[in-house]
Amino acid sequence: MPANPTNTISTSFVKYYEAEVNEAFQRQGSKLRPTVRFKNNIRGIAAIFPKIGKGSADSKSRNGDVPVMRLAHEVVEVLLNDYYCGEWVDALDELKTNVDERMVAAQNGAYALGRKTDDNIIAALDAVAATINVTGSGNLADTVGLTKEKVLAAFQTLGKNDVPDDGERYFVIGYKQWADLMAIPEFANAQYVSQEQLPWQNTQAKSWLGTTFVYHSGLSIVNGARQCYWYHRRAIGLAAGNDIKTDISWHGDKAAWFVCNMLSIGAGVLDTTGVVRVRCADSN
C-alpha cells in the first residue's frame with residue numbers, strides 16, 4: 001500500500017522552505033526595507049515609534065544651572081496590515097525533493113511579500129507628499145525629468161531642515177530618473193560616486209552627495225510625474241508583527257500541498273522634515 005503523503009513529508013522540507021523564504025526576503029525581497037527604521041515582533045495591531053525634537057545648547061553663568069534642552073517628545077502610530085501569498089504543490093511534484101525548485105518557490109513568495117512591504121513604504125510617503133514637495137519652473141518643473149537642478153534643490157532643502165548628513169540619506173527614484181542621472185557627468189563618473197558598502201546585492205545603487213541613490217519600479221505616477229523621494233532613514237518607520245510565517249498543509253481532495261506565506265507589516269512617515277518629494281516627468 002502506498003505511503004500516506006501526510007506521514008512521509010519530510011519535516012526538514014518545511015523547516016528549510018520557511019528558512020529559505022525568510023532568507024530570500026531579507027536578501028532581495030524588499031528594496032526599501034534597509035532604508036528605513038525597522039521594528040520587529042510587534043504584538044497588536046499597531047507599533048509606536050518615538051519622535052524626539054531637536055535639542056539646543058546654551059552658555060551658563062559661573063556656578064549657574066546647566067541649561068535644560070526640554071526636548072519635545074511625540075509618538076507616531078503605524079498600523080499593521082496582513083498579507084498572504086500561497087501556492088499549490090502537487091503530491092508528485094519534485095518540489096518536495098528538488099532544492100532548486102523549492103528555492104524558486106520560496107523566492108517567489110518572498111518577493112511577493114517584499115513588494116507589499118515596499119508598497120506600504122511608498123504609500124506612507126504618498127500620503128504626506130503634498131507637504132514635502134520641491135518644485136518650481138524651468139529645470140525644476142514637473143514636466144521635465146530629473147535634472148541636476150532638482151537634485152541640488154532637494155539637497156539644499158534637506159540641509160535647511162538640518163537633516164543629518166551621516167550616510168543614512170536615501171533617494172529612491174524610477175528607472176527613467178536613473179537614466180536621466182546617467183546623463184549627468186557628476187553622477188555617471190566613478191570619480192564622483194561610490195558603490196562600496198551598500199546594503200544591496202545583485203542590484204545597482206550609487207552613493208552621491210552623501211546619499212545612496214536607488215531605483216525602484218513601484219513609485220507612483222501622478223499627473224504624468226513620477227513621485228521620487230529623498231529621505232533620512234530615521235524619518236520613515238516600518239513595523240512587522242513577526243518574521244515571515246510559512247504554513248504547509250496537505251489537502252487530500254486535491255492530492256496536493258498548499259504552501260502559504262504570511263506577513264503582518266505597516267509603514268509610516270515619522271518626520272516630514274526629513275523627507276523631500278521630487279516630481280519628475282514620466283509616463284510608464
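**Close-up views around strand β10**

**View 1. Strand β10 and its partners in the predicted model.** β10 and strand β14 (residues 275–281) pair in the antiparallel sense over seven bridges. Helices (H or I, at least four residues) and strands (E, at least two) are DSSP runs, numbered from the N terminus. Two strands pair if DSSP finds at least two bridges between them. In this pairing, alanine 225 has alanine 281 of β14 as its bridge partner. The model is a predicted one, in which local features need pLDDT of at least 70, side-chain atom pairs count only at pLDDT 80 or more, and totals for chains, interfaces and linings use all residues. Residues are numbered from 1 along each chain as its sequence is written, and side-chain values use heavy atoms, with hydrogens and water left out.

**View 2. Burial of β10.** Eight of the eight residues of β10 (residues 225–232) are buried, so the strand is largely enclosed by the rest of the structure. Buried means under 20% relative accessible area, exposed over 50%, and partly exposed in between (1.4 Å probe, protein chains only). Ala225, Gln227, Tyr229 and Tyr231 point one way. Arg226, Cys228, Trp230 and His232 point the other way.

**View 3. The hairpin of β9 and β10.** Strand β9 (residues 221–222) pairs with β10 in the antiparallel sense, over two bridges. Valine 222 has alanine 225 of β10 as its bridge partner. Two residues lie between the strands of this hairpin. Asparagine 223 takes a positive phi there, near 55 degrees.

View 4. Strand β6 (residues 169–173) pairs with β10 in the antiparallel sense, over four bridges. Arginine 169 is bridged to histidine 232 of β10, and valine 172 to tyrosine 229 of β10. Strand β8 (residues 211–215) runs parallel to β6, and five bridges join them. Here isoleucine 173 has tyrosine 215 of β8 as its bridge partner. Five of the five residues of β6 are buried. Arg169, Phe171 and Ile173 lie on one side of β6, Tyr170 and Val172 on the other.

**View 5. An aromatic cluster.** Phe155, Phe171, Tyr175, Trp178, Phe187, Trp208, Phe213, Tyr215 and Trp230 form one aromatic cluster. Rings of Phe, Tyr and Trp (its six-membered ring) pair if their centres lie within 6.5 Å; planes under 30 degrees apart count as stacked, over 60 as edge-to-face and the rest as tilted. By this rule there are eleven aromatic pairs.

**View 6. Lysine 206 in strand β7.** Lysine 206 belongs to strand β7 (residues 205–208). This lysine is buried yet has no salt bridge (a side-chain nitrogen of Lys or Arg within 4 Å of a carboxyl oxygen of Asp or Glu). The nearest side chain of opposite charge is glutamate 186, 11 Å away. The side chain of lysine 206 reaches the backbone oxygen of phenylalanine 187 at 3.3 Å.

**View 7. Lysines over aromatic rings.** Lysine 39 lies over the face of phenylalanine 49, at 5.2 Å from the ring centre. The charged end of lysine 254 sits over the ring of tryptophan 88, 5.0 Å from its centre. A charge sits over a ring if NZ of Lys or CZ of Arg is within 6 Å of the ring centre and within 35 degrees of the ring normal.

**View 8. Alanine 105 in helix α3.** Alanine 105 lies in helix α3 (residues 99–127). Its relative accessibility is 21%, so alanine 105 counts as partly exposed. Alanine 105 and valine 21 are 84 residues apart in sequence, and their C-alpha atoms are 8.5 Å apart in space.

How values were computed: Lys, Arg positive; Asp, Glu negative; His and termini not counted. Polar contact = N/O pair within 3.5 Å; in protein donor to acceptor, adjacent residues only side chain to side chain.
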